[in-house]
Amino acid sequence: EWGCQWNSGGLELFDAVQKALATDALSGKFPHRVIQLLEPYRTQPTGLARTQPDTGFDVRVDEIIRQEFGTALKRQRGIGWVDSISKEMADKLDAYLKGITDPQAKLHGVIGLMQTAAFAHRTRTESNPNSQTKAAV
């Protein structure tokens with residue numbers, strides 16, 4: 001489940017990810033890899049598994065998200081990759097992150113966006129058998 005404000009930059013990032021997946025510029029595994037890289041930074045504020053972020057995390061969260069997102073971009077390139085995608089995605093990610101103030105909300109927002117992108121991509125490829133991209137299993 002993911003949502004964002006209309007003018008938050010989230011829809012633009014989501015659209016860019018979807019276009020890159022649809023044109024095989026990015027592997028269908030890209031959103032899953034971003035989630036995998038960011039998930040360890042999430043904290044649990046309550047319960048037995050309660051955790052707190054490390055000191056300094058709040059001021060570095062944007063940098064951490066950018067770095068992990070960039071790592072996934074480098075490793076999940078598809079056959080339709082063009083170098084301009086890195087800059088475009090980084091700019092859209094930055095715009096989205098600027099609109100969110102809480103560090104954990106930034107992580108939840110990017111992870112939720114990637115979960116939604118993965119679901120939408122899988123659904124699109126499963127419903128369109130003529131698509132060049134096959135759903136990741």
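Lys 106 is located in helix α5 of this predicted model. Its relative accessible area is 8%, and because the cut-off for a buried residue is under 20%, Lys 106 is buried. The side chain of Lys 106 comes within 3.3 Å of the backbone oxygen of Leu 97. Apart from residues up to four places away in sequence, Lys 106 touches Val 61, Asp 62, Ile 65, Leu 97, Ile 100 and Thr 101.

When neighbours within four places in sequence are set aside, the contacts of Val 61 are Pro 103, Lys 106 and Leu 107. The C-alpha atom of Val 61 is separated by 9.6 Å from that of Asp 102, although the two residues are 41 residues apart along the chain.

**Overall architecture**

The protein chain contains five helices and zero strands, and its pattern along the sequence reads α-α-α-α-α. Of the 137 residues in the protein chain, 42% are buried. Among contacts between residues at least 6 apart in sequence, 74% join residues at least 24 apart. The protein chain exposes about 8,200 Å², of which carbon and sulfur atoms supply 52%.

In soluble globular proteins, nonpolar side chains tend to be buried together. Here the largest nonpolar core has 34 residues, and Phe 30, Phe 69 and Met 89 are those with the most contacts inside it. The elements that contribute two or more residues to this core are α1 (10-22), α2 (30-38), α3 (57-75), α4 (84-98) and α5 (103-127). Helix α3 provides the largest share, seven residues.

Phe 30 has a relative accessible area of 0% and is therefore buried. Beyond its neighbours within four places in sequence, Phe 30 is in contact with Val 17, Leu 21, Phe 69, Ala 72, Leu 73, Gln 76 and Met 114. Phe 69 counts as buried too, at 2% relative accessibility.

A search of the whole structure finds one aromatic pair. Phe 30 and Phe 69 form this pair, which is edge-to-face, with 5.4 Å from centre to centre and 85 degrees between the planes. The pair links distant parts of the chain, since Phe 30 sits in helix α2 and Phe 69 in helix α3, 39 residues apart.

Helix α2, which holds Phe 30, is mostly covered: seven of its nine residues are buried. The buried residues of α2 are Phe 30, Pro 31, Arg 33, Val 34, Ile 35, Leu 37 and Leu 38.

**Buried residues in the loops**

Asp 24 is found in the loop between α1 and α2. Phi of Asp 24 is near 60 degrees, which is a positive value in a residue other than glycine. At 11% relative accessibility, Asp 24 counts as buried.

Thr 43 occupies the loop between α2 and α3. This residue, Thr 43, is buried, with a relative accessible area of 13%. Thr 43 and Gln 104 are 61 residues apart in sequence, while their C-alpha atoms are 7.5 Å apart in space.

The table gathers the relative accessible areas of the individual residues described in this report.

| Residue | Location | Relative accessible area |
|---|---|---|
| Asp 24 | loop between α1 and α2 | 11% |
| Phe 30 | helix α2 | 0% |
| Thr 43 | loop between α2 and α3 | 13% |
| Phe 69 | helix α3 | 2% |
| Lys 106 | helix α5 | 8% |

**Confidence of the model**

The protein chain averages a pLDDT of 83, and 79% of the residues score at least 70. Confidence is highest in α2, at a mean of 95, and lowest in α5, at 84. Over residues 133-137 the pLDDT stays under 50, and the model has 10 contacts beyond four places in sequence for this stretch.

Definitions and conventions
Residues are numbered from 1 along each chain as its sequence is written. This is a predicted model: local features need pLDDT of at least 70, side-chain atom pairs count only at pLDDT 80 or more; totals for chains, interfaces and linings use all residues. Side-chain values use heavy atoms; hydrogens and water are left out. A nonpolar core is a set of buried Ala, Val, Leu, Ile, Met, Phe, Trp, Tyr and Cys residues joined through side-chain atoms within 4.5 Å. Buried means under 20% relative accessible area, exposed over 50%, partly exposed in between (1.4 Å probe, protein chains only). Helices (H or I, at least four residues) and strands (E, at least two) are DSSP runs, numbered from the N terminus. Contact means heavy atoms within 4.5 Å. Accessible areas come from the Shrake-Rupley method with a 1.4 Å probe; for residues, only the protein chains shown count as cover. Rings of Phe, Tyr and Trp (its six-membered ring) pair if their centres lie within 6.5 Å; planes under 30 degrees apart count as stacked, over 60 as edge-to-face and the rest as tilted. A polar contact is a pair of N or O atoms within 3.5 Å; within protein, one must be able to donate a hydrogen and the other to accept it, and residues adjacent in sequence count only if both atoms are side-chain atoms. pLDDT is the predictor's confidence in each residue, from 0 to 100.
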